[in-house]
Amino acid sequence: DTDQQRSRWALDAIHRLYQVEGDAKGLDAQARKALRLERATPILDEIHAWLLTQSVQVLPKSPMGEAVHYALAQWAALNRYLEDGDLSIDNNACERLLRGACVGRKNYLFFGSEEGGLWAAVVYSLVESCKLHRVDPFVYLKDVLVRTSTHPMSRVLELTPRLLKPPPDTS
């Protein structure tokens, strides 16, 4: 609200980057990287030049000045997604995963004990990992609880949602 003209320019430039991402959807990582390098790099170069120009024109403590200086300080990280087609342009997926924990934060104060809170954190982490890997959390937890009595401790990583193989079909 404090600098609508500059804000609009920045938002339009960011929108163009997301248009490239929309066009890259469905491509494999190598093709996505190539498309980004071809089409997003010039946009990012334009944004970087604009940020450098704005950094000497805006007041450093103004909202726009703070945003410009933050973007410049994070420039390498903001461009990292160009290097790997498997990387996302943003961290929205992580933010969505964390939202459940943030929403219930006050409720977690009442787990009865610190140890109860630690176990709740383990369960929440497992459930969110299941969701991330498209595994039904109930089926996963049931399967792992059955397997733990006979599964060797040296191979415990095999029981993570990412690596767990379904049990053999006994029907």
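Tutor: R134 is exposed, with a relative accessible area of 80%. Keep in mind as we go that this is a predicted model.

Student: Where does R134 sit?
Tutor: You'll find R134 in the loop between helix 6 (114–132) and helix 7 (137–147). Check its backbone too: R134 is not a glycine, yet its phi is positive, about 55 degrees.

Student: Now the rings. How many aromatic pairs does the structure hold?
Tutor: The structure holds one aromatic pair. It is made by W9 and W50, and it is stacked, with 4.5 Å centre to centre and 15 degrees between the planes.

Student: Why those two values?
Tutor: A pair of aromatic rings is described by the distance of the centres and the angle of the planes. Under 30 degrees between planes counts as stacked, and the 15 degrees for W9 and W50 gives that label here.

Student: Which parts does the pair tie together?
Tutor: W9 belongs to helix 1 (residues 4–24) and W50 to helix 2 (residues 29–55), so the pair links parts that are 41 residues apart in sequence.

Student: Are the two partners buried or exposed?
Tutor: W50 is buried, at 14% relative accessible area, while W9 is partly exposed, at 27%. S7 is in helix 1 as well, and S7 is partly exposed with 25% relative accessibility.

Student: Where does helix 2 bend?
Tutor: At A40, by about 40 degrees, and a proline, P42, follows within four residues.

Student: What caps the N-terminal end of helix 2?
Tutor: D28 does: one of its side-chain oxygens lies 3.2 Å from the backbone nitrogen of Q30.

Student: And which residues of helix 2 are buried?
Tutor: The list includes A40, where the helix bends, and W50 from the ring pair. Also among them are R32, L35, R36, I43, L44 and I47.

Student: What do the buried residues of helix 2 pack against?
Tutor: They pack against helix 1, helix 3 (63–73) and helix 4 (75–79). So for W50, you can read burial and ring stacking together: W50 is buried, and its stacked partner is W9.

Methods:
Residues are numbered from 1 along each chain as its sequence is written. This is a predicted model: local features need pLDDT of at least 70, side-chain atom pairs count only at pLDDT 80 or more; totals for chains, interfaces and linings use all residues. Side-chain values use heavy atoms; hydrogens and water are left out. Rings of Phe, Tyr and Trp (its six-membered ring) pair if their centres lie within 6.5 Å; planes under 30 degrees apart count as stacked, over 60 as edge-to-face and the rest as tilted. Helices (H or I, at least four residues) and strands (E, at least two) are DSSP runs, numbered from the N terminus. Buried means under 20% relative accessible area, exposed over 50%, partly exposed in between (1.4 Å probe, protein chains only). The bend at a residue is the angle between axes fitted to the seven residues ending there and the seven starting there. Contact means heavy atoms within 4.5 Å. A polar contact is a pair of N or O atoms within 3.5 Å; within protein, one must be able to donate a hydrogen and the other to accept it, and residues adjacent in sequence count only if both atoms are side-chain atoms.
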